[in-house]
Number of protein chains: 4
Amino acid sequence: MIIQLKSSLTENDYSVIENNLTIHKFGFVRVNAGKKNYYVCVGKNEVDLRTFGHLKGVEDVFRVTDQYKLVSSQWRIEPTVIDLGNDVKIGNGHLSIMAGPCAIENENQVEEIVMHLVKNNIKIMRGGVFKPRSSPYAFRGMGMEGLKMFSRICKANHIKLVTEVMELNQVEEMLPYVDIFQVGARNSQNFNLLDVLGECRKPVLLKRGISGTIDELLHSAEYMYSRGNDQLMLCERGIRSFENAYRNTFDINAIALLKEKSHLPVIADPSHGVGIRKHVPTVALAAAVAGADGVIYEVHPTPELAKSDAQQTLDFTESTRLIEKLRSVVN
Amino acid sequence: MIIQLKSSLTENDYSVIENNLTIHKFGFVRVNAGKKNYYVCVGKNEVDLRTFGHLKGVEDVFRVTDQYKLVSSQWRIEPTVIDLGNDVKIGNGHLSIMAGPCAIENENQVEEIVMHLVKNNIKIMRGGVFKPRSSPYAFRGMGMEGLKMFSRICKANHIKLVTEVMELNQVEEMLPYVDIFQVGARNSQNFNLLDVLGECRKPVLLKRGISGTIDELLHSAEYMYSRGNDQLMLCERGIRSFENAYRNTFDINAIALLKEKSHLPVIADPSHGVGIRKHVPTVALAAAVAGADGVIYEVHPTPELAKSDAQQTLDFTESTRLIEKLRSVVN
Amino acid sequence: MIIQLKSSLTENDYSVIENNLTIHKFGFVRVNAGKKNYYVCVGKNEVDLRTFGHLKGVEDVFRVTDQYKLVSSQWRIEPTVIDLGNDVKIGNGHLSIMAGPCAIENENQVEEIVMHLVKNNIKIMRGGVFKPRSSPYAFRGMGMEGLKMFSRICKANHIKLVTEVMELNQVEEMLPYVDIFQVGARNSQNFNLLDVLGECRKPVLLKRGISGTIDELLHSAEYMYSRGNDQLMLCERGIRSFENAYRNTFDINAIALLKEKSHLPVIADPSHGVGIRKHVPTVALAAAVAGADGVIYEVHPTPELAKSDAQQTLDFTESTRLIEKLRSVVN
Amino acid sequence: MIIQLKSSLTENDYSVIENNLTIHKFGFVRVNAGKKNYYVCVGKNEVDLRTFGHLKGVEDVFRVTDQYKLVSSQWRIEPTVIDLGNDVKIGNGHLSIMAGPCAIENENQVEEIVMHLVKNNIKIMRGGVFKPRSSPYAFRGMGMEGLKMFSRICKANHIKLVTEVMELNQVEEMLPYVDIFQVGARNSQNFNLLDVLGECRKPVLLKRGISGTIDELLHSAEYMYSRGNDQLMLCERGIRSFENAYRNTFDINAIALLKEKSHLPVIADPSHGVGIRKHVPTVALAAAVAGADGVIYEVHPTPELAKSDAQQTLDFTESTRLIEKLRSVVN
């Protein structure tokens with residue numbers, strides 16, 4: 001159950017509502033999200049919604065049978081639109097394209113890719129500066145210096161950027177340079193990080209865990225939403241399965257189910273979702289047709305020389321062709 | 001390695017070739033498929049193809065590094081087209097649509113569905129008369145009587161039919177009534193059944209195993225092809241994963257990979273691939289855009305009353321809408 | 001619900017019972033198993049067991065809430081013991097050991113292994129003559145000639161044999177030479193084969209499917225039991241997972257759960273369960289300690305030269321050591 | 001390759017070694033672990049070990065073909081023993097038992113369990129104060145106050161404690177109260193946390209990821225070891241699979257493989273590994289027989305009332321019986 005509050009309540013109004021919730025054995029959290037205030041209430045009891053609708057200070061009451069509440073489409077039917085400024089929006093019925101390298105490597109690389117994006121009228125660039133790597137001996141990214149350079153070039157070209165944050169201590173320092181925080185698959189249930197991202201007012205692209213369920217993904221989004229951040233995107237990036245013919249199994253079903261279950265925009269990552277360069281466009285197109293609000297993929301001036309993910313990165317020619325196909329199929 | 005033979009060889013020609021293969025430590029099988037004769041040769045040795053190309057009776061020699069040979073696109077680049085007669089073809093660059101109930105239930109049901117197909121200009125109907133069921137106490141299909149009735153109504157309306165064969169003993173009896181034999185997911189590695197289907201000259205739609213790899217699927221097709229049946233289709237129908245939000249995980253990557261690795265037509269089964277009625281059309285569209293040569297899905301006059309698969313079966317309205325969308329997106 | 005019948009009923013007694021079942025909306029099957037007669041009844045209705053207990057001809061009535069009935073420990077609490085004759089029993093509280101090659105290769109090989117078993121007081125030998133192989137070009141076994149030879153040598157040495165049957169047409173021919181039919185993982189849901197094995201009075205060792213659930217395994221056993229064959233064993237042989245460090249993931253949990261849910265003996269196959277020679281004994285010991293009634297593993301005079309499964313086959317020294325450890329830990 | 005250094009080197013000695021490594025295209029990290037200094041070197045080149053063995057300051061050179069180096073048994077053959085003081089050791093050939101509640105709830109609960117452990121001569125207690133929970137609305141643990149209380153009672157009774165750390169910011173504050181840090185399954189690839197734990201000199205019990213591979217687990221341990229922490233334990237706690245009859249699939253194979261591939265102690269968590277109370281002892285015994293160096297399981301005075309994991313927690317009677325069985329089987 002979600003109780004939406006009016007704009008000004010007295011301390012006593014709050015007390016009366018909370019007492020009533022306690023009497024009906026609800027757990028509850030007070031949430032301020034999207035400029036409104038709510039109680040998110042979790043309990044097993046069947047209760048007549050009017051019991052709460054009548055209370056002073058209550059604007060509306062919603063029954064949400066899903067275990068996640070604020071991210072559920074049972075509560076909010078209107079799709080969430082994320083506004084990055086300068087007329088760049090995600091989830092407004094058009095397909096958002098985000099492209100860029102796996103890792104930010106140097107100024108030249110960023111500039112070349114930015115030029116590629118500008119030429120193709122793409123508004124959002126991806127690129128990692130903190131890289132989660134299985135081995136401690138692998139390249140782990142350029143860090144803050146890389147991010148500052150990345151941000152400077154993007155700003156100069158009116159490009160928004162999305163980049164991965166791995167640790168809650170990085171959030172504050174990264175904040176001025178980032179348009180969208182990405183939470184990676186390995187951090188999809190890093191609840192402390194989610195708590196902190198929930199507190200900040202910056203859009204977040206949340207990746208599904210390596211073998212995370214759809215339900216877990218929605219609950220992880222709920223972590224952030226219940227702290228007040230309603231600028232969230234859900235990202236399907238393939239799941240781990242028994243099949244070894246490709247890197248991950250892109251879960252096309254998940255696109256359909258996430259769009260049904262939540263009002264949040266759903267982004268597809270075909271690069272990790274299949275992990276084979278020549279098949280990335282196919283998976284991207286399929287995801288777009290299945291209803292994804294956006295596609296995020298890897299592109300590099302010379303994929304063969306990329307410091308990571310070389311085998312799943314497109315070159316500019318392939319990228320341009322993919323953009324054209326996406327636009328012809330979807331919009 | 002595949003050695004293509006000329007049309008008439010003497011016993012001595014065969015001996016010479018086989019001796020040479022033995023000398024080079026190749027295992028080999030003589031195959032007659034698609035009106036031509038071949039030796040399919042399996043070995044670990046690197047060998048100069050001209051060694052065999054020069055022999056009397058040899059028309060051509062192909063190097064195939066894949067473990068499967070005859071179904072590999074390394075050997076045959078041209079896509080296989082399956083001709084069902086009356087101008088019904090699969091794999092010719094257009095999207096083939098096959099629809100029908102999970103199980104054939106009675107004459108009325110078949111007639112209503114046939115009318116629905118005719119109205120929408122669909123040429124192939126699916127429907128099971130032998131049903132594999134986890135429990136011995138569940139409905140196991142109408143059997144041969146059902147098939148005869150099914151076939152009679154289809155023929156009267158110029159509809160081709162595809163139906164599952166579960167047991168090699170059924171093949172001969174079913175043969176006159178069937179246009180395409182379907183091998184179900186649980187029989188995807190029933191090698192004795194594949195042997196027999198390889199001997200008969202009837203198209204086969206081979207489903208991927210419940211957790212079968214792409215490689216296993218291609219090897220199962222190779223079983224049939226190496227017995228001479230080159231009228232084969234590969235069917236992706238979802239794989240078993242940890243995710244419980246739907247029935248199976250439709251493997252959109254597999255569509256792309258199968259099209260790359262084999263010349264055989266690839267058919268998508270979105271009904272089993274997601275298992276949730278409202279999401280079947282989404283998955284069907286995605287598969288079509290990803291390059292599937294056909295789509296097979298479940299439709300029933302009153303899905304709620306279907307004897308099996310009720311939860312994943314479309315009604316006529318939904319089916320008509322799906323057909324329209326498929327045609328608008330793909331052709 | 002299972003209704004146990006008295007020894008002699010009139011046609012009218014049957015009619016009365018069946019009418020009552022129909023009235024209460026039960027589906028039912030008449031089963032003769034273990035020298036007794038039963039109705040196995042499947043339905044959704046809650047019903048007072050006495051409704052049926054009072055009827056003429058009824059000896060006892062059992063409530064079984066599991067979807068499988070005859071194999072459920074809710075019905076039969078006493079563990080099933082399988083008597084192979086000559087005092088060789090499985091499921092009587094002692095650990096049964098079955099060992100032998102993946103494939104029967106020649107007379108010498110069989111004799112050497114039989115001598116090894118005799119020396120170690122092992123009473124049951126495994127060995128395949130019909131081999132399911134992913135590729136049609138691989139060795140597929142010696143067939144019936146191999147089985148006759150295998151059987152002759154075993155009989156001469158008072159060894160019982162277990163061997164895989166792949167096709168229902170093989171059953172009759174194999175019957176005189178076989179002590180236990182094995183149903184392989186790929187045939188775990190070959191329902192036509194299970195039907196036929198259910199009709200014959202010969203013990204069956206049923207392997208779990210490659211990614212079969214515990215529930216599916218029990219239902220497959222129910223197929224045979226409901227046709228009258230109560231001499232069944234359930235075999236855990238590892239499941240397919242994302243992990244590639246070994247061949248299959250041996251499911252030790254399944255040993256515990258199968259023992260809880262069913263009265264049938266549970267056999268562990270550590271050879272396929274891990275697929276790495278040096279770890280086979282470890283998994284065998286763990287399974288025995290977890291409550292398995294038996295262990296089936298692969299042994300060969302020279303594993304390196306075995307025609308199949310070389311990498312997971314023990315030699316005689318390793319086998320002897322394993323037998324000693326198993327006996328010291330379990331009995 | 002691992003280069004072990006002598007105790008005192010000049011800056012020039014280091015330079016010479018590093019120049020040689022660069023010439024041979026090795027990446028390298030200087031590591032101080034277990035009171036010795038090493039270069040861990042990663043590269044693709046085959047090189048004669050003597051090239052480096054001859055250099056000044058080099059004590060020994062080890063070829064390690066595994067991708068992980070310091071945790072590999074190719075480098076260190078002797079099993080690692082972790083000494084917690086007061087004669088409590090892990091990995092010394094005896095089975096270590098760790099037991100306690102899922103979550104620390106209150107003083108009474110801790111005292112009762114401590115008494116249970118003391119009575120059974122168990123030296124290590126588990127208990128979470130920071131709890132990772134899928135839903136933000138679930139109980140998330142008592143936090144630092146709980147830890148202080150937990151630690152106080154343990155110390156008073158000469159019990160060592162293991163508890164989960166979720167965030168690197170918690171490490172410093174927790175340090176004085178903790179004997180073993182546990183890294184949970186969801187943090188198994190939280191590389192920033194691993195870095196920090198690698199810097200501190202406190203034993204760590206590292207859980208395998210929810211669907212983490214054996215290789216990933218070893219690499220995560222390598223993260224910590226390469227920062228100097230050699231007091232590490234690997235914990236198998238079940239993997240995510242398609243099977244729903246229990247919570248996770250306990251990977252008994254992993255026990256065997258981890259013992260083979262690494263010198264680190266391997267701990268089994270049967271509580272999460274099967275997730276069903278009555279089967280926890282069976283899995284614990286199997287793991288012990290398979291070679292685990294320790295077992296960690298959940299126990300609570302009244303499992304039914306536990307705030308989390310109630311369904312997989314033993315009561316004192318069950319726990320006592322399990323301890324007896326473990327001791328009778330293993331030691």
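This is a predicted model: local features need pLDDT of at least 70, side-chain atom pairs count only at pLDDT 80 or more; totals for chains, interfaces and linings use all residues.
**Chain B and chain A**

In this interface, 32 residues of chain B are in contact with 32 residues of chain A. The two chains bury about 2,500 Å² between them, and carbon and sulfur atoms give 69% of that area. On the side of chain B that touches chain A, at least two residues each come from α8 (252-261), α9 (270-274) and α10 (280-289) of chain B. That side, sorted by class, holds 16 nonpolar, 10 polar and 6 charged residues.

**Chain D and chain A**

Here the contact takes 35 residues from chain D and 35 residues from chain A, and the area buried between the two chains is about 2,900 Å², with 48% of it on carbon and sulfur atoms. Of the area that chain D buries against chain A, 22% is supplied by D:Y137, D:Y223 and D:R240, which is more than any other three residues supply.

The count of salt bridges between chain D and chain A is 4. Polar contacts across the interface of chain D and chain A join 16 residue pairs, both residues at pLDDT 80 or more. The elements of chain D that give two or more residues to the side touching chain A are β3 (36-42), α5 (168-174), α6 (191-199) and α7 (214-225), and the largest share, 4 residues, comes from α7(D). By class, the residues on that side of chain D divide into 12 nonpolar, 13 polar and 10 charged.

**The buried areas in brief**

The size of an interface is often given as the accessible area lost when the parts come together, and the table sets out that quantity for both pairs of chains.

| Interface | Buried area | Share on carbon and sulfur atoms |
|---|---|---|
| Chain D and chain A | about 2,900 Å² | 48% of the buried area |
| Chain B and chain A | about 2,500 Å² | 69% of the buried area |

How values were computed: Residues are numbered from 1 along each chain as its sequence is written. Chains are lettered from A and ligands numbered from 1 in the order in which they are written. Side-chain values use heavy atoms; hydrogens and water are left out. Contact means heavy atoms within 4.5 Å. Buried area is the accessible area (1.4 Å probe) that two parts lose on being put together, summed over both. A salt bridge is a side-chain nitrogen of Lys or Arg within 4 Å of a carboxyl oxygen of Asp or Glu. A polar contact is a pair of N or O atoms within 3.5 Å; within protein, one must be able to donate a hydrogen and the other to accept it, and residues adjacent in sequence count only if both atoms are side-chain atoms. Ala, Val, Leu, Ile, Met, Phe, Trp, Tyr, Cys and Pro count as nonpolar, Asp, Glu, Lys and Arg as charged, and the others, Gly among them, as polar.
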